[in-house]
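Hi everyone, thanks for making time.

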Amino acid sequence: MGCLFRLLLLLVAVAAVAVIVMGVEPKPLLERQAGASPAELRQAAALALRLGPAAMQPSRSTTITLSEPELNLLIKSWTARVPQVAARAGVAPIGVVVGATAALPVPENPLGRYINIRALIAPSVSGLAIEELSVGRIDVPSPLIRPMLVCRRDSFGGSGQGESAYSSVLAVRIAGQPFAIT
């Protein structure tokens, strides 16, 4: 039994080192943009009010339509208070491509100091379909994407928030530049 426990402990340690080595990169995927101006923050606040819970009707589904500039304005306003993070999104026929970079508070080193995240949200008529997700050089296997994102959302918003947010998306449609989330 002791040997099995030591082997399991060794496997966990090796996996942790592999995640650090493969998840951290020496170059950022995205450079930080200039901070959001007061006018941009006002625009983002107005957009958030248009999209917020007060605009939703609980008895029926609501469709949110966004253009790429509107989506990036929201992202810019959300990341304005976190100087170590840069994020952007692009709308393409294959889906919404999202990229983010977080700079770790460590000095330059051979492993790197950036965590780069890439995701592809595909068009879907049956919920939120995140086709691809990678953290650094680690491609997250498709069956693990939903549980991983639900767990991350739960850790920020409280238990049950992740599944509620994930399952509240009924469809994602892309029709040229604006895309729609139901």
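Let me begin with a term: a polar contact is a pair of N or O atoms within 3.5 Å; within protein, one must be able to donate a hydrogen and the other to accept it, and residues adjacent in sequence count only if both atoms are side-chain atoms. Before using it, some housekeeping: this is a predicted model, where local features need pLDDT of at least 70, side-chain atom pairs count only at pLDDT 80 or more, and totals for chains, interfaces and linings use all residues. Residues are numbered from 1 along each chain as its sequence is written, and side-chain values use heavy atoms, with hydrogens and water left out.

Now to T101. Its side chain reaches the backbone nitrogen of L30 at 3.0 Å. T101 sits in strand β4, residues 95-103 (helices, H or I, of at least four residues and strands, E, of at least two are DSSP runs, numbered from the N terminus). Is T101 buried or exposed? It counts as buried because its relative accessibility is 4%; buried means under 20% relative accessible area, exposed over 50%, and partly exposed in between, with a 1.4 Å probe and protein chains only. Leaving out residues up to four places away in sequence, T101 touches, among others, P28, L29, L30, V85 and Y114, where contact means heavy atoms within 4.5 Å.

For contrast, look at T63, in the loop between α2 (38-51) and β2 (64-66). T63 is partly exposed, because its relative accessible area is 42%.

On a 1 Å grid over the protein atoms alone, a cavity is a set of points where a 1.4 Å probe fits but cannot get out, and a pocket is an open set with protein on both sides within 12 Å along at least five of seven lines; lining residues have an atom within 4 Å of a point. Grid points are joined across faces, edges and corners, and a volume is the space filled by probe spheres set on the points.

The largest pocket holds about 2200 Å³. Its lining has 43 residues, with W78, I121, L128, L149 and R153 nearest the centre. Helix α4 (residues 142-157) gives the most, 6 residues.

And the cavities? The whole structure has 1 of 30 Å³ or more. The largest cavity has a volume of about 80 Å³, and β3 gives the most to its lining, with 3 residues.
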